[in-house]
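Here's a quick briefing to read with the structure open beside you. Take it one topic at a time and find each piece as you go.

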Amino acid sequence: MTSLPAYIARRLILLIFVILGVSLLIFAITTLIPIEIRAMLYVRNVQHTSPQQLIEIAKKRGLDRPIHEQFFAWLSEVLQGNLGFSKFSQQPVADAILERWPYTFEIVLFAAPLIIFIGIFLGVQAAIHKDGLIDHACRVLSIIGWSLPSFWLGLLLLSVFSGYLHWVSPGPLDTNLLQFRNNPDSGFVRHTKIDLFDGLLNGRPDITLNVIQHAILPVIVIVTINVALLIRVMRSSMLEALNKPYTVAARAKGLDDKTVIYKHARRNALIPVVTLSGMLVAGLLGGLVITETVFGFGGLGQWAANAALQLDVPAVLGYALLSAFLFVIANLIVDILYAYIDPRIRLV
Amino acid sequence: MDLSAKWKELKVSWQPRIKEWKFMLKRIRESPLALIGIAIIIGFVIIACLAPVLAPPQAGWDPFMLRPDKDLAILTPDPTPPTTRHIFGTTAEKFDIYYGCIWGTINAFRVGLIVVAIALVIGVVLGTVAAYYGGLIDEILMRFTDIIIALPGLVLAMALVIAFPTTIPLNITLIILVVSAVLSIYFAAFKPQRKYLLPNQIILLISLFLYLTNPIVIGLNMSKLDKVLISLAIVGWPGYARLIRGEVLRVKNEDYVEAAKASGCSDLRIIIKHILPNTVYPLLIVVTLDIGSIVLTAAALSFLGIGADPNFADWGNIISMSRTWISSPELLVRHYYTFLIPGIFISLFVLGWNLLGDALRDILDPMIRRR
Amino acid sequence: MTEDSLVAVKNLVVKFYTYAGVVEALDGVNLKIRPGEILGLVGETGCGKSVTSFSILQLVPPPGRIEEGEIYLNVGGKTLDIRSLPKDAIRQIRGKDIAMIFQEPRAYLNPVYTVETQIGEALLTHRKNEFLQKAIEALEKAGKKSSFEKRVYERMLKKPKSLVTKIMAKFCRKKTLMKEVHKEVVELLRSVEIADPERVAKMYPFELSGGMAQRAVIAMALSCQPLMLIADEPTTNLDVTVQAQILNLVRELRKTFKSSILYITHDLGVIAELCDRVAVMYAGNVVESADVYELFEAPLHPYTKALLESIPKPGEEFKSIPGTVPSLINPPKGCRFHDRCQYEMDVCRKIKPEFIEVKKDHFVACHLYGGSK
């Protein structure tokens, strides 16, 4: 059956299994941490607690029970919405995530479409003008982009544009605007908690513009590094499609070059690119850890990095679970798009 | 002479392969990107080899640890810009950046090559097994790799590095017991050479006895660097497993494999002699690109402070000392040398491998198609 | 020579510049197809049949290039030199005056679009105005005299190139136009003997069987009533029974549409059954061309003779042609067949024979018949 809805239903079921698998994996990893260290989470004053006391606390909290017991206990908590308490950020993990995800979202919102559209466009152009100037330029520039460490590029841009040109300050928003937003008396209502949209909703477009201004540098870093992969895949996929028999047949029908390239070849060429885009966007979370840290954006990535440094198990678990969940969702969307573009897939 | 005849036979059978290699080398020589990449890599190899000469370590001190410059330490707690004494300047802890960059080269090679080697071996073995035997084994292994790939590499690496205990208790007797048990099952199911069966059963019984009475446990001490290496290898092997699996599946159904089976070759022999050699080229490309990618991730981990020890001569480590000035970018500009120069080292190193890998991809692709 | 022909190819030279060297694929090919005639082009794999057909439509893929020669098309009383036409003009010819069908139909159809979309594409490329007119009439009959759709269609007829028209067309759903196209597609599919054309129209290429796909491709090729159809081994991949059906179909369609057909194959049986004239190719040259009966009864060129003799006959031994087809990277000098020819003469090794008319309408390129000047 080549119907789209049936295909989607099948993928949804697989999704659940993968999420379960990922959470089990992450959980298993955290059990490697010695129980004394994990018990520290439940203690207010770590320095004055002896190791024996820690072990007692660990036993009380059930940290020494078999792995599968702990896992199911944790799983039932998660399903009720309780992701645990993050010691270093002094708040429930779920709250921490909700508070910080808008900043990450602001970056991804601009970075992802840019990567995809620039990648597709340049990849197609490079394929059409194979071995031409644009082809070589794209190749060299994208290899260089792919080779740069994200933190280095970030530091570079930060120092030049923020430290030297004083064009923008680190962080997601100017300090005065941040204070304005947080001030309960200012009349600013955080409808969506996303400053980008809240600015407009509150009649303060300058806040929205400020968000964009602060987001430009992190977005540049992310796009520069990730666009290389997309260009390369699009290019090779397009080259293959242009040499396929159906392209020859389309030309033999008398269609003009533009139609042959963009309607016939490109649609087939997009198939592997769609898959890659999904993985790329889902993987952005990993790159964001570094970029957010460098630009002090205060999003999920920076929080996760600090949590890891502090050995805050619930936080790292929560972040890993979230990443996996987003990855699986992205995969699902990709699979649906894939099935929409390529009808052959709907039989699988 | 029997020997010279055999030697001639060997040379003849290798002829087509030699021809392919010669063609490949010719294409490499003609590709400017490949040559630049190779030049960069060779440059770094030279630096790594000449490290003791270029940046002589202090006597009695581990050359891989950075040592603060005692004379400057008293003056200010700030980094010093490049001078004749410290060509690239020093960091806030008065570490010589030049020294760190030179010895960091060796570290980069070490991290890249070791991680890729481990990930490659695990990935190739598991991927080949999954593809060749198919069925349930394949399903389980593939779901497992799916799960690992589901997480962004950096996140998983972070989680692994912090979770790894410093001492891993290894129950040697248990390991030997499990291995010999698995082998006995294998022997029972597939009935290969008898001569291995008896020794295996003896080992099985001995290890069982020891396990129950007096198990041997050793604690494996892992330095922070080791943890990073193993974590990156764990993150990296699924990629190779998937790749090898795809290639083996492709080759498995070719006619010459059927022919080998028909003439009675054992499974292992088929895999090693027929299947794996044909999977080499895509693997070569991925390995080259991966070395650069691994070094980047390792540097990122060091930058976050999750990597090697704080005083380690590692590029990412040096840059991590610049983290304190992120909130005040003006200071970042003033102390630009603390991150700019090590970053250039990282970028060039990775660039070299990426150029080579990309050029190889172009060169090997039509060759693969020519088959 | 070109007056009575529909398509004439003279001294066509095509070379491919590859990594391994320069492949001299076509070495002076001469062909003539008359209106309403089925010309069979026969030869072994690699002799240049497909390259010739691609050259006629200027579709030779890089690294190939047409180096020399002339290709003429007689249409509407005018003789067009195809090689010197601008790109737009060539695109007008492709699909409309000369259409082409290929060996593996499902590979030559775009897998992500339905049959209907692809045939409709061909229709709209060359018969757009006709369908616009039909759509307008349909809308008028339905009483929607001043709808947006109708105005868009009328503009597309009158001022197709203006920017305003293009913008309006982008926003218009064009349902009526698509319905008219759909009707025609179904009719076309029915005319190639596809049962249940409504359902097949909405199918994707991978859902069709080989025979059905080939019929659909034929329908697409004939959709604009071309003067000539180039069929590049269309039945080679099909079962014999299906092949017979397709051949019958082709014969019927020739009667209906009166188009010429250039039928490329390596199967002499098909040639004997279907074609009016035959051209035999070897290693990039046409070595003989004649009326089909004439060729089978009185072949002149040694290669043709050997080819006919190699057809297996019950009770007799297999007769093959000694030697192998020469590499076209460094082809032999003189006549390219000389090292396998039993009548080889000294001159054959040095001078290439000319393609001359030896008997009425029977052309050969061989020194045995005075091919040297």
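This is a predicted model: local features need pLDDT of at least 70, side-chain atom pairs count only at pLDDT 80 or more; totals for chains, interfaces and linings use all residues.

Residues are numbered from 1 along each chain as its sequence is written, while chains are lettered from A and ligands numbered from 1 in the order in which they are written.

**Who touches whom**
- Two pairs of chains touch, and the pair with the most contacts is A and B (two residues are in contact if their C-beta atoms, placed from the backbone, lie within 7 Å).
- Chains B and C don't touch, and their nearest C-alpha atoms sit 11 Å apart.

**Chain A meets chain B**
- Here 46 residues of chain A are in contact with 42 residues of chain B.
- On the chain A side, the elements giving two or more residues include α1 (4-30), α6 (133-147) and α12 (257-295); helices (H or I, at least four residues) and strands (E, at least two) are DSSP runs, numbered from the N terminus.
- α7(A) gives the most to this side, with nine residues.
- By class, this side of chain A has 34 nonpolar, 12 polar and no charged residues (Ala, Val, Leu, Ile, Met, Phe, Trp, Tyr, Cys and Pro count as nonpolar, Asp, Glu, Lys and Arg as charged, and the others, Gly among them, as polar).

**Chain A meets chain C**
- 17 residues of chain A are in contact with 21 residues of chain C.
- α11 (245-252) and α12 of chain A each supply at least two residues of the side that touches chain C, and the largest share, six residues, comes from α11(A).
- This side of chain A divides into eight nonpolar, three polar and six charged residues.

**A covered strand in chain C**
- Strand β6 (residues 98-101) of chain C is covered on both faces: I98(C) and M100(C) are buried on one side, A99(C) and I101(C) on the other (buried means that 20 or more other C-beta atoms lie within 10 Å of a residue's own, with C-beta atoms placed from the backbone).
- β6(C) pairs in the parallel sense with strand β7 (residues 228-232) of chain C over four bridges (strands pair if DSSP finds at least two bridges between them).
- Opposite A99(C) stands L229(C) in β7(C).

**A bent helix in chain B**
- α1(B) bends by about 50 degrees at Q15(B), and the proline P16(B) follows within four residues (the bend is the angle between axes fitted to the seven residues ending there and the seven starting there).

Note on methods:
A residue is buried if 20 or more other C-beta atoms lie within 10 Å of its own, exposed if 12 or fewer, and partly exposed in between; C-beta atoms are placed from the backbone.
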